[in-house]
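Biologist: I am new to this structure. Please show me how to read its features.

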Amino acid sequence: MTTVGIRGTFFDFVDDPWKHVGHEQAAARFHQDGLMVVTDGVIEAFGPYEKIAAAHPGVAITEIKDRIIVPGFIDGHIHLPQTRVLGAYGEQLLPWLQKWVYPEELKYRDRNYAREGVKRFLDALLASGTTTCQAFTSSSPVSTEELFEEAARRNMRVIAGLTGIDRNAPADFIDTPENFYRDSKRLIAQYHNKGRNLYAITPRFAFGASPELLKACQRLKHEHPDCWVNTHISENPAECSGVLVEHPDCQDYLGVYEKFDLVGPKFSGGHGVYLSNNEFRRMSKKGAAVVFCPCSNLFLGSGLFRLGRATDPEHRVKMSFGTDVGGGNRFSMISVLDDAYKVGMCNNTLLDGSIDPTRKDLAEAERNKLSPYRGFWSITLGGAEGLYIDDKLGNFEPGKEADFVALDPNGGQIAQAWHQSLIADGAGPRTMDEAASMLFAVMMVGDDRCVDETWVMGKRLYKKS
């Protein structure tokens, strides 16, 4: 057994800040001088330095100075084989897929190309502070195999699966439902719950899935009920219209997945920009999750996700945040928070009555405002809850996996350090409120340059040079 201690300034969460409107500090936990004791990658003890050190004499301690240590970031929606095409100009979703994405994803049939792509993908995640992701691979099993193998070598937690599509894509890209079922069965047996790998049954989206493919997904879910289901939902207006043409017996997008018994715990629908109030309520009732991907929704012109509706306390929907690389143009979950804040503020304006008094809803307007508590909860403990892995990670509770990020609050653009000196006089945070204010500046003024170190299972895998 290997036991180590990490000493520094810690900030994590014990509850959902949206449940504590007006006093969100109740959802957080802050130790200006804290100690985390890690044994074989798992947190053994956590709390104030003096208390924890006294109970663990002789433990070797690594001190991380002048940083704010937070749980590792969780990306709930990202595409492995789109790493190279992020930032591709000028198209909305469906033509963008045809022009840029499908040709690039086809290259991942080649194992050498897939292996290089996976390494670049995981390197980019770690450099951005992301320690866990739920990822789409491609329609070829090779990319799924390479992702699970390389993630296991790095001991990173990954949820992924073969991506199923059998229509509305190039002929050499699609595959049959029979092949998808057969290959998925093999991959589940080979990788699911092996080490930190978890498997997601992955129909790409209902627009690209025949009833036969969705029946194959339904069969897989019934045979492997502990697997995840990862897909897209209600991202783009043209896509939403096309789904109802492809599945005319369904009343809305969610209804397609409901028809095949895929909606429930461990179901994630990426984007959800055009979900109706009724769909949100049905997702809430079934314990399904939506993944907010603001960078992608803005880059592809898809629209503004209704954050305040998803967080309605009467019909709360589980939620994680995602980059959606390469529709999202950055790997950084900090950048996701930046765009999420701006989307929320636009929605706040739409609902405060100043534009259309008939739409005035001050409670929903307020829920759209992404405070630092709401933001960092969403990419740590909240993201874990949305993916049903909060028993494993998401905060610094003993018994959880020791994935964490050391943030340099002055590490962004050149003006950032001067701004932060307004909060803490050039020093580190002394209180929870000071730490939250500095983290908000990381959200809005910084970017992944604020990520100084990334640790996975108590081992440092990334250090900014």
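Modeller: Helix 3 (residues 111-127) lies across strand 15 (451-456) and strand 16, at about 115° to strand 15. Helices (H or I, at least four residues) and strands (E, at least two) are DSSP runs, numbered from the N terminus. Axes are lines fitted to C-alpha atoms, for helices over the stretch in contact (heavy atoms within 4.5 Å). Angles run from 0 to 180 degrees between N-to-C directions. This is a predicted model: local features need pLDDT of at least 70, side-chain atom pairs 80 or more, while totals for chains, interfaces and linings use all residues. Residues count from 1 along each chain as its sequence is written, and side-chain values use heavy atoms, without hydrogens and water.

Biologist: In what order do the strands of the open sheet run?

Modeller: Two strands pair if DSSP finds at least two bridges between them. Here 7 strands form an open sheet, ordered 3-2-1-4-14-15-16, with mixed pairing. Strand 3 (42-48) and strand 16 (459-463) are at the edges with a single partner strand each, so one side of each has no neighbour in the sheet.

Biologist: How do strand 4 and strand 14 pair?

Modeller: Strand 4 (residues 60-71) and strand 14 (residues 404-407) are antiparallel over 4 bridges. Val-70 faces Val-405 in strand 14.

Biologist: How many residues does the largest nonpolar core have?

Modeller: A nonpolar core joins buried (under 20% relative accessible area, 1.4 Å probe, protein chains only) Ala, Val, Leu, Ile, Met, Phe, Trp, Tyr and Cys residues through side-chain atoms within 4.5 Å. The largest has 112 residues; Tyr-257 is among those with the most contacts inside it. Apart from it lies another core of 13 residues, including Phe-396 and Trp-455.

Key: Buried < 20%, exposed > 50% of the residue type's maximum accessible area, 1.4 Å probe, protein only.
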